[in-house]
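Here's a quick tour of a protein chain for you to follow along with.

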Amino acid sequence: MGDRGTSNHSEVTDFILVGFRVRTELHILLFLLFLLIYAMILLGNIGMMVIIMTDPRLNTPMYFFLGNLSFIDLFYSSVIAPKAMINFWSESKSISFAGCVTQFFLFALFIVTEGFLLAAMAYDRFIAICNPLLYSVQMSTRFCVQLVAGSYFCGCISSVLQTSMTFTLSFCASWTIDHFYCDDRPLQKISCSDLYIHKLVSFFLCSIIILPTIIVIIVSYIYIVSTVLKIRSTEGRKKVFSTCSSHLGVVSVLYGAVFFMYLTPDTFPELSKVASLCYTLVTPMLNPLIYSLRNKDVKEALRKSLEKRYFNSIFTVM
């Protein structure tokens, strides 16, 4: 392998993912925690997609976006969780250079796509509440597909730029990544390259990704709130707010965890890992729960689906 002190990225064959710095006997508890969370992610998001695809009443723009949100949550958590669980039992805790690049690229792709998709969902709620008579015209099937495709396109472009920029750095300081997955900040720490341009471009990418999506969400909800306040009946206000509360909950959880992670000082790496855990695994677990518990249409579709399965099983037995 050569001298690690002078080798650059072209000679790296494997990285080491340190994971959480806890006692060895606690690894089984962490494994079980990750397994439980990942099982709930699979069950919740696959279940949500099946319900949306099979129930004709959910064939609306809002649920089209929600189905894509579940798809994104399912896949970006699957990029992280299986490898993290394997490393709890592995002594080497290694990930190949190609594996690290792939994990970094796919996670960046899906997390950025989710940010733009949440902005599209906020715009959908704005049109539905502020311009209900024009909703079916403005939120046509073609336009909804374009919004989702645009979200994936922005995610892909951003991911290509971030990945190529990160993995052209020289990693001669160490091959040990102090994290449970390949992320930008831990990789910067083990690089011996000049990071000024890298950090400048990263800041620019974050600005053009996070700021526009947050602005769209905030402006949409300013108009929504102003419209809701004009409704005289308390029941009417509650009904309108109930259609937005799930989306607001998802946005708050995701952006809250992301901001917490990036505002955490580098001197507290374990705290940063906990924040990363929140938006890589906890958020995808909570999203289907938030939408199923707060949404009457989803609860009704789930109830009818379970009743149908129950009666079908009875008739099969008979």
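**The cysteines and the overall fold**

C100 is buried, with 0% of relative accessible area. Keep in mind that you're looking at a predicted model. Let's start with that cysteine and its partner, then zoom out to the whole chain.

**The disulfide**
- A disulfide is a covalent bond between the sulfur atoms of two cysteines.
- The count here comes to 1 disulfide.
- C100 and C182 are the pair that form it, with their sulfur atoms 2.0 Å apart.
- C100 sits in helix α3 (residues 97–130), while C182 sits in the loop between β3 (176–177) and α6 (184–189), so the link ties together parts that are 82 residues apart in sequence.
- The link of C100 and C182 is left-handed, with -125° about the S-S bond.

- C130 is in no disulfide: its nearest cysteine sulfur belongs to C244 and is 8.8 Å away.
- C244 is in no disulfide either, and the nearest cysteine sulfur to it is that of C130.
- C244 counts as buried because its relative accessibility is 1%, and the cut-off for buried is under 20%.

**The whole chain**
- The protein chain has 10 helices and 3 strands.
- Starting from the N terminus, the order is β-α-α-β-α-α-α-β-α-α-α-α-α.
- Of the 318 residues in the protein chain, 45% are buried.
- Among contacts in the protein chain with a separation of 6 or more, 79% are between residues 24 or more positions apart.
- The protein chain exposes about 16600 Å², and carbon and sulfur atoms supply 70% of that.

Key. Residues are numbered from 1 along each chain as its sequence is written. This is a predicted model: local features need pLDDT of at least 70, side-chain atom pairs count only at pLDDT 80 or more; totals for chains, interfaces and linings use all residues. Side-chain values use heavy atoms; hydrogens and water are left out. Helices (H or I, at least four residues) and strands (E, at least two) are DSSP runs, numbered from the N terminus. Buried means under 20% relative accessible area, exposed over 50%, partly exposed in between (1.4 Å probe, protein chains only). Contact means heavy atoms within 4.5 Å. Accessible areas come from the Shrake-Rupley method with a 1.4 Å probe; for residues, only the protein chains shown count as cover. A disulfide is a pair of cysteine sulfur atoms within 2.5 Å.
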